[in-house]
Amino acid sequence: MQEGGSRPVALRWRLVEEEERCGQGELFPERGVLDRHVGTGEYRGLEFLHVRAKRVINRVPASSRMPFRWTINPYRGCSHACTYCFARPSHEWLGLGMGEDFERRIVVKVNAVERTRAELASRRWAGEPIAMGTNTDPYQRAEGKYRLTRGIVEALAEAANPFSILTKSTLILGDLERLAEASRRTAVRVNLSIGTLDEGVWRETEPGTPHPCQRLAAVRRINEAGIPCGVLLAPVIPGLSDRPEQLEEVVTGCVEAGAVSISPILLHLRPGVREHYLAWLAGAHPELLAAYQAAYGGRAYLPSRDQAALTGLVGRLERSARRRAWPSGGP
Ligand code: SF4
């Protein structure tokens with residue numbers, strides 16, 4: 001089964017109090033890293049670290065602003081390699097790096113499907129909605145090899161347990177039939193994350209993701225299959241993807257693809273991510289660095305009035321795009 005070398009990998013599994021505080025405590029494995037697989041062929045450049053998780057349905061801390069209480073994340077690290085990714089610091093909690101390690105050394109919870117089935121069957125489980133794609137992308141490249149998200153979707157469907165998925169990947173289309181079947185049994189919601197249609201910005205900020213036009217096509221197909229699919233227009237990146245004409249292009253594309261909702265979110269830069277992103281920005285767009293330092297200072301979020309202005313603008317663009325698409329008042 002081993003594809004590559006056998007260099008031992010020591011992860012700091014049991015010394016990560018931050019993970020418990022941030023709701024990631026499910027990652028404590030039973031016996032540490034089982035195997036290290038070096039990707040070949042279409043997975044060349046990736047390394048997969050197999051672990052057995054003690055539990056996979058993970059409670060979100062009460063203090064979180066997230067609109068869901070339970071999550072499942074079968075992978076840690078993400079080959080989509082977005083420069084701004086909020087999840088990068090979680091790799092450091094494991095003793096790995098938040099740069100290239102995060103993008104290439106993917107932790108795989110090989111027992112995620114069996115754990116999901118067991119936890120859903122537990123008498124203590126109350127059948128609450130579960131969100132996927134909240135930490136790393138459930139349809140990143142590793143899914144093509146391990147199919148853990150597919151197995152979890154099947155388990156959730158069998159249990160008629162409501163769930164949602166957020167992804168940047170068209171790999172989700174391989175599960176369209178399963179998702180449609182699940183949505184006949186329970187509430188299923190999908191969101192594609194599409195922050196920009198600007199080719200240059202996409203290439204430099206999300207180098208491992210499918211082209212955003214392919215993601216728009218996926219939005220259309222998912223909705224046509226009867227599964228409500230919206231778009232998270234995120235992140236909107238100051239100085240790179242926030243010009244009104246750029247936003248209008250995305251909003252128009254979303255409306256034409258049948259997105260049931262369009263939710264814009266400004267870039268946020270939590271500690272750790274901020275340093276990583278600003279180091280990238282200093283190399284790629286040094287002309288923007290001073291403006292970022294002035295706007296964000298030491299904060300993770302821009303002022304709430306900036307988010308409110310963005311939400312207002314995208315709402316106006318969406319209403320006008322829907323009027324253009326359905327002048328006599330369609331969907
Ligand atoms: S797809 Fe999501 S989880 Fe993956 S690198 Fe990009 S922002 Fe991070």
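Helices (H or I, at least four residues) and strands (E, at least two) are taken here as DSSP runs, numbered from the N terminus. On that basis the secondary structure of the chain comes to 13 helices and 11 strands. This is a predicted model, in which local features need pLDDT of at least 70 and side-chain atom pairs count only at pLDDT 80 or more, while totals for chains, interfaces and linings use all residues. Residues are numbered from 1 along each chain as its sequence is written.

**Confidence**
- The mean pLDDT of the chain, pLDDT being the predictor's confidence in each residue from 0 to 100, is 90, and 89% of the residues reach 70 or more.
- Over residues 1–8 the pLDDT is below 50, and this stretch has 12 contacts in the model beyond near neighbours in sequence, a contact being two residues whose C-beta atoms, placed from the backbone, lie within 7 Å.
- Residues 13–31 also have pLDDT below 50, with 35 contacts beyond near neighbours in sequence.
- Where pLDDT is low, the predicted coordinates should not be read in detail.

- Of the 331 residues of the chain, 41% count as buried, that is, with 20 or more other C-beta atoms within 10 Å of their own, against 12 or fewer for exposed and values in between for partly exposed, the C-beta atoms being placed from the backbone.
- Leaving aside residues up to four places away in sequence, Leu233 touches Ile194, Gly195, Val250, Ile262, Ser263, Pro264 and Val314.

**Backbone geometry**
- A cis peptide bond with omega of about -10° joins Ala234 and Pro235, and Pro235 is in strand 10 (residues 229–236).
- Arg147, which is not a glycine, has a positive phi of about 55° and sits in the loop between helix 5 (142–146) and helix 6 (148–158); Arg147 counts as partly exposed because it has 17 C-beta neighbours inside 10 Å.
- Ala160 has a positive phi near 50° and lies in the loop between helix 6 and strand 8 (163–167); with 13 other C-beta atoms within 10 Å, Ala160 is partly exposed.
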